[in-house]
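User: I am new to this structure and would like to learn how to read a few of its features. Please take them one at a time.

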Amino acid sequence: MIMNWRQVVLFVCGLVFSLALSLGINHFNFGVDQLWAQGITEPESGLDPELSSPPTLPTSAHAFTSANLNQNNIHAEIIEIKSDPTNLSHLLRHAQIWRNQGLYRDEIYFWRSTLDGLNPAAQSIAHAHMAMAFNELGEWQTANEQIQTSLQLINDPDVVKEIKRSELAIARSQILNTQGTLQLAQGKPEVAMETWKESEALYRSANDQLGIAITTINQAKALQTMGLYRRASNRLNQVKEFADADLAQFADQSLPELTEAAIFDHSGTVRVNLLLSLADGYRVVGNLDAAQQVLEQVLAKEAFINPYGGASSPDWQEVILGLGHIAQTQGELDKAKSLYDQLANTSHCYISVGEDLRDRYERDAPELVRPTKQACLIGIKAILEQATIATQIGTDVEAIAWLNKIYNPVQALPATRTAIFTKVRWSSQTIALLKQNSTIIKPELLTKTNNLLAQTLTQAQQLNDPKAIAYVLGTQAHLDEIQGNYARAIATTQTALNLAQASQANEIVYQWEWQLGRLYHQTRNNDRAIAAYRDAVNTLQKLRHDLVAISDNTKFSFRDQVEPVYRELVDLLIPHDPDNLAANHSPHKPKLQIDKTAQTQANLRQARQVIEQLQIAELDNFFRQACLDAEFSSVEMIDPQAAIVYPIITPSRLEVIVSIPDRPLFHYGTKATPMEVKQSIDQILDSLRQNSFASERLPIAQQFYDWLIRPAQAELAAAKMQTLVMVLDGELRNVPMAALYDRDTKQYLIEKYNLVLNQGLKLLKGRSALAGENLRVVTAGISEAQAGFIGLPAVDYELAQIAMQFRSRSLLNQGFTANSLEMAIANSDYPIIHLATHGQFSSNLKDTFILAWDDKINIDRLEKLLSPRQNSDRTPIELLVLSACETATGDRRAALGLAGVALRSGARSTLASLWTVADRSTAELMVRFYEGLGQPDTTKATALRQAQLSLLRGEQGNTYRHPYYWAAFVLAGNWL
């Protein structure tokens, strides 16, 4: 027999590392750091395979150490495990050491040096490992050649004859698992998906449940890359079921038993890492609650963690770090800081102790050195997150203190890829502080950052790792950029970009394209700047499904690292003359600019397209999912009397592009910085509170009218426009357009036009007009206090009035549950769904919900409830009305949740409110809305406008004339 069972099983444990490559998980180390072999000398990094000697391998038995390392306590238990240097298990363990350290060329050389002494089956494994190493280095062709060689060897008839069928199935499945990783890394998710399905089938034939779970997680990653996040979530749920059942059967074992199992079998450490990978998968699809639950489940399994050092083990630390990341993502910064505090202790970094103590460690207890480095690295990561939070909240002094605390330990990290990315992360954090121009800290930080980057570049070059070199060079160029060294920064950025492109590292490519754009703009080379920005946006479009899954090495904030690329390009594309810009806070109208030249029209069209792409990218980021795939119509094709207005917040001004059917695009701008726009948004929202006076409301409402509408009003009137489709940018989505006020005519904007919100030129097609007998409504509401929410007594009246006008099916209070709503929608063909209940729209997906009697219905559940009508030939949902819902108080991006509900519901249009309006006035407006909708040839937008005007004009008395009562209601989507 060529491979015995133990070799094959260890092969599974070794090659399962490919899961970490596909998910971008740094913690997938399978206990090698915890179970470090005494006597193994760390290889020198960056050895050229053609020039250097192979790393020497010890031939004696080895002691594996479980170390409990604390500041005041060092404890180690030694467990003897015999290993033969000619044994495949021995080779796999040693190769994994280099892989965990990111020393991929050393690993490649190691396997090449052992090939001649291996039989064909073992050679197939060696080639698979080399394929993964070449994959990490971005050498795709060589990686593909290696995996093909591996498959040829494992399928050789002579090898097949010598291996049991079940063992052969496991070996083949693992090689296919690796091949799928290569395919995904090379931008072929569909092909990778099929390869992993084949791998899963082989695992099933061998009844290997852990292997099935691994390939299932890999398939979820492929689905994520394709933007199929719901299907990815379903795959992850399958793994969760396996993990729960498996953990329920797992009994505590003694330390020696568990340690040997961790090396030779599918137990403790492997299971822990599977759960960590599962949590990471949930994080990527945006299910942070599920990710947190899994991580807490790992913490609860002390049998997994205690044998490897308890609270000092990397497994435990990775769980705490993961929980901190989740809290930070959710904006729970105090909780995140508390979790990071548990890890932010660098006193266990062996490099930071006295030289005598360090020498004693290396002489008398070398097995303690490597776990200490791992613990130190996690502590450094935690402190970097602390510095990030401090920078975000503006406590620069605290951020500097954190960064200074870890400068020496960071500088002392060994030359590995993980260490290189950590050093660049430190440098990037200091650059973020330097950009704030703090003169007190600038000289010291500059010196430290320059020195660290110089050292890191040398190490990356020693590793001969193109992606790492690109990352370091680009960061060096960024440092030059903020110091004004533009010529050198351009040259260095171009070199970094070339390396990143060769490595197909798009998550880095777009950053250096963006950087080139900024640099060319600074040097007044706008043509090149625009070209570089266009490249960056195109790269981001390729990355749009992966933005939420970028690894920690290149992790970024969407608002800080994605939005500016789009906005800065728009700023360059829209021509502007500072003399033609209106002054901020001035009644002077901006000068209308209509330039019919081909170049200007092309630039304006592209600017409009770029801002629409940004809106889609925001929603992708919000949902962790591709936007709705459906049939769309062009606004200009379906309504020739609708103009599209694009207010855009650029880095230097507020610009507006207007599109009128069959006419050239035109634009105008105001000298208002993003901060000034934000302050004005706060002011107008505050002025619309229920008890405000006209003297508070009208000046700011006039200002917004002057900014957004006045310059276009003559063109709109000449073209006889009746509807304005507002494609609102950023926080402008929170501003009720209906309340904008014309100082000349003394009219609100709603008195002049139908108003509708949309994401751009396209909108979901409607299949039928809402009129007469088509007005059939499923209504559901809660009028009584429930789940901590106050009662809405007027809901009874609201639903009763709708039922008097149209055929309806009503669910009220206890009758309105998630299941009853699902049944009512599925069993009817009513085109309108009217929900009169509490709800909230938030920029946080988990905080966006609609209240049913029994539960909160989140966006995912709402989509599921409505999906039977969207995925068939039945009557679609033409209108979803969300009465009494509101945008989350204090959430500046809360309207993202409203846009998200409108999009994910699949309804052709959605009617909702930006804030909680008085119960009775809401009911009155809704009744008037449905009365208008029942009139012949009345569009949804017209019906809403007439309902708002009925309150504004006091048709119910003067009680509801204040904009607070009617301006909050907005229609999103198809308005016909």
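The dialogue below covers a helix pair and a strand.

Analyst: This is a predicted model, where local features need pLDDT of at least 70, side-chain atom pairs count only at pLDDT 80 or more, and totals for chains, interfaces and linings use all residues. Residues are numbered from 1 along each chain as its sequence is written, and side-chain values use heavy atoms, without hydrogens and water.

User: How do helix 25 and helix 28 cross?

Analyst: Two packed helices are described by the angle between their axes and the distance between the axes. Helices (H or I, at least four residues) and strands (E, at least two) are DSSP runs, numbered from the N terminus. Axes are lines fitted to C-alpha atoms, for helices over the stretch in contact, with angles from 0 to 180 degrees between N-to-C directions. Here the axes of helix 25 (residues 506-522) and helix 28 (residues 563-573) come within 11 Å and cross at roughly 35°.

User: Which residues of helix 25 and helix 28 meet?

Analyst: Contact means heavy atoms within 4.5 Å. Tyr 510, Trp 514, Arg 518 and His 521 of helix 25 meet Pro 564, Val 565, Glu 568 and Leu 572 of helix 28.

User: Is strand 6 buried or exposed?

Analyst: Buried means under 20% relative accessible area, exposed over 50%, and partly exposed in between (1.4 Å probe, protein chains only). Eight of the eight residues of strand 6 (residues 642-649) are buried, so this strand is largely enclosed by the rest of the structure.

User: How does strand 6 pair with strand 7 and strand 9?

Analyst: Two strands pair if DSSP finds at least two bridges between them. Strand 6 pairs with strand 9 (residues 723-726) in the parallel sense over four bridges, and with strand 7 (residues 654-659) in the antiparallel sense over six bridges.
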